[in-house]
Amino acid sequence: KIALVPPRDIAPSPPPALDSEITVLAFVDAYIKRRTDEMDKEGNRKTKKGTLIAYKNVRRCLAESPSFGQSKALAAVTAGDCDDWREWLQKPAPEGQGLSENTARRRCGIARQFFRDAQRRRLIPDNPLQDMKGISVMPNRARDHFIERDVADKVIKACPDNQWKLLFALSRYAGLRCPSEHLALRWCDIDWERNRMTVRSPKTAHHPGHDSRVTPLFPELRPYLEAVRDELKPGTPLTAPVITRYRDVSCNLRTQLYKIIRRAGYDPWPKLWQNLRSTRETELLREVKDIDVVCRWIGNSPAVALKHYAQVREADYDNVAAANLHQSMQKQAASKRKMAQGKTKHRESHGKRDGASAFPIKTMSPAGFEPTTYGLKVRCSTN
């Protein structure tokens with residue numbers, strides 16, 4: 001290189017100017033629209049209905065809060081604004097939203113997702129929710145409830161038809177997620193000869209290799225599947241859905257199950273559908289005793305299973321108490337046998353104290369102890 005001209009000092013390009021006119025709500029609306037318009041390879045929308053509802057709930061909370069409101073500029077949001085918003089979410093109404101701890105955590109997590117997207121698009125320099133702690137959803141084990149089989153059978157009897165019975169049985173005896181995995185089930189997914197069933201999971205379909213799983217056709221579930229199969233019209237294709245009567249978007253399965261449980265004579269338990277799935281996984285963990293196999297059948301990871309699904313049953317306490325009682329009785333019986341054996345050996349070795357001696361005593365002859373002699377004459381050798 002020949003330095004004919006001295007090099008110029010090239011100043012770094014300035015960062016893009018922040019658009020102070022973009023409001024938080026305007027950006028969130030644009031974000032939701034982008035996610036709603038995204039399509040997968042099969043032509044279905046990537047954003048599921050439940051996810052879209054969650055986005056809109058967070059958007060509403062942002063709009064109604066004093067920290068953001070309708071006109072808060074996106075570039076003006078601070079970490080302090082987000083802290084105030086989180087406190088407002090959990091304040092009792094009418095001062096706040098009165099949300100539970102886990103619901104507030106979930107909405108803060110979605111809001112952080114919004115602001116992360118704005119940061120990646122260089123609309124804001126930093127994510128104001130980046131350093132907020134405790135956003136992950138924590139398990140609330142106080143709301144766990146194990147549905148015993150006799151209770152489940154009575155609830156099934158109270159169901160209005162065979163398809164409703166199958167809905168309940170798919171969660172209680174196969175551990176399916178309701179309603180997504182129930183509605184995705186097709187007749188071609190049922191392998192009657194090999195006693196297997198392919199479960200398609202829309203919730204985990206975006207993870208490679210987790211779009212479906214194969215589970216056993218459990219004997220407790222099979223009669224309810226056969227009852228619905230017997231009602232099929234001739235010529236029904238194998239690609240037809242198994243559940244046909246309750247596919248309407250406006251059909252609230254939770255509310256209907258609540259009424260069915262009441263009709264069966266029981267008080268509805270917390271987390272109606274999730275506790276059915278949790279109950280089945282807890283049963284399988286006790287029966288199969290291989291957490292990797294059970295998690296493949298249920299469709300979650302061992303960490304999630306232990307954190308959110310595995311329950312401690314009343315029978316577990318009863319079994320421990322019964323085992324302790326049995327062990328105590330065995331020890332007492334062994335102690336009594338040992339004492340009895342000791343007394344027997346003592347009698348055999350020492351004889352009876354109040355009777356004849358155990359050792360025979362030789363009577364002394366009149367001549368005394370020494371052997372009799374024939375005189376003091378000593379015979380000497382003649383040699």
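Before looking at handedness, I wrote down the rule: a crossing is left-handed if the near helix is turned anticlockwise from the far one by less than a right angle, and right-handed if clockwise. Helices here are DSSP runs of H or I with at least four residues, strands are E runs of at least two, and both are numbered from the N terminus.

I noted that this is a predicted model, where local features need pLDDT of at least 70, side-chain atom pairs count only at pLDDT 80 or more, and totals for chains, interfaces and linings use all residues. Residues are numbered from 1 along each chain as its sequence is written, and side-chain values use heavy atoms, leaving out hydrogens and water.

Entry one, the helix pair. I found that H6 (residues 162–174) passes H8 (residues 222–229) in a left-handed crossing. In H6, Asn162, Gln163, Lys165, Leu166 and Ala169 meet Tyr224, Leu225, Ala227 and Val228 of H8 (contact means heavy atoms within 4.5 Å).

Entry two, the salt bridges. I searched the whole structure and got 21, counting a side-chain nitrogen of Lys or Arg within 4 Å of a carboxyl oxygen of Asp or Glu. I looked at Glu220 with Arg280, where the closest N and O atoms are 3.8 Å apart. Glu220 sits in the loop between strand S3 (212–216) and H8, and Arg280 in helix H10 (residues 272–288), so this pair ties together parts 60 residues apart in sequence. Salt bridges that share partners join Arg149, Arg172, Glu220, Arg280 and Glu283 into one network.

How values were computed:
Axes are lines fitted to C-alpha atoms, for helices over the stretch in contact, and angles run from 0 to 180 degrees between N-to-C directions.
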